[in-house]
Amino acid sequence: TALFLKDTLAVAASDAELQMKEKEKEKKAYAARLLEFFNGADTSGDGKITFSEFQEFVTDPRVRTYLMTLELDASETENLFTMLDDGDGSVTAEEFVEGAVRLKGVARSQDVVAMMHDSTRLHKKIDRMHASLLDLTKAHQV
């Protein structure tokens, strides 16, 4: 039985490695399709997509369908752009690919949990700051 177990574990490890390689291959193919989308949306050719470029590009029904194949929701164009933008009003190819990958599948679920955790921590800090401010206000009133 020890030999059988050893062989079984070796096959399982090999299968896991094969699955990891396949996932990495799929991720690279997905990133390539995202980059293809980005290049189509970058009508100015400056390496960035502005909100107006993005909004205009996603009005095309074929583009909306393509976004659905990428598992991205084009129905809320502004929200999608805002999630990809780092705050400067435009989205680079890197921001687009990294952001879109994060919006897909398991990564999205993990991000939501992380954001909820961060939000809870921030809320507690704000409550402590509020209590400190109230204490300071009372101390100055006396």
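The protein exposes about 10,700 Å², of which carbon and sulfur atoms supply 60%; accessible areas come from the Shrake-Rupley method with a 1.4 Å probe, and for residues only the protein chains shown count as cover. This is a predicted model, in which local features need pLDDT of at least 70 and side-chain atom pairs count only at pLDDT 80 or more, while totals for chains, interfaces and linings use all residues. Residues are numbered from 1 along each chain as its sequence is written, and side-chain values use heavy atoms, with hydrogens and water left out.

Of the 142 residues in the protein, 21% are buried (under 20% relative accessible area, 1.4 Å probe, protein chains only).

The secondary structure comprises six helices and two strands, where helices (H or I, at least four residues) and strands (E, at least two) are DSSP runs numbered from the N terminus. Along the sequence they follow the pattern α-β-α-α-α-β-α-α. The radius of gyration is 23 Å, well over the 14 Å that the globule rule gives for 142 residues, so the protein is more spread out than a compact globule; the radius is taken over C-alpha atoms, and the rule is 2.2 Å times the number of residues to the power 0.38. Along its principal axes, the C-alpha trace spans about 80 × 60 × 25 Å.

Local detail can be followed around helix 3 (residues 61-69): at its start, a side-chain oxygen of aspartate 60 reaches to within 2.8 Å of the backbone nitrogen of arginine 62. Just after helix 3, glutamate 71 takes a positive phi of about 65°.

Terms used
Buried < 20%, exposed > 50% of the residue type's maximum accessible area, 1.4 Å probe, protein only. Polar contact = N/O pair within 3.5 Å; in protein donor to acceptor, adjacent residues only side chain to side chain.
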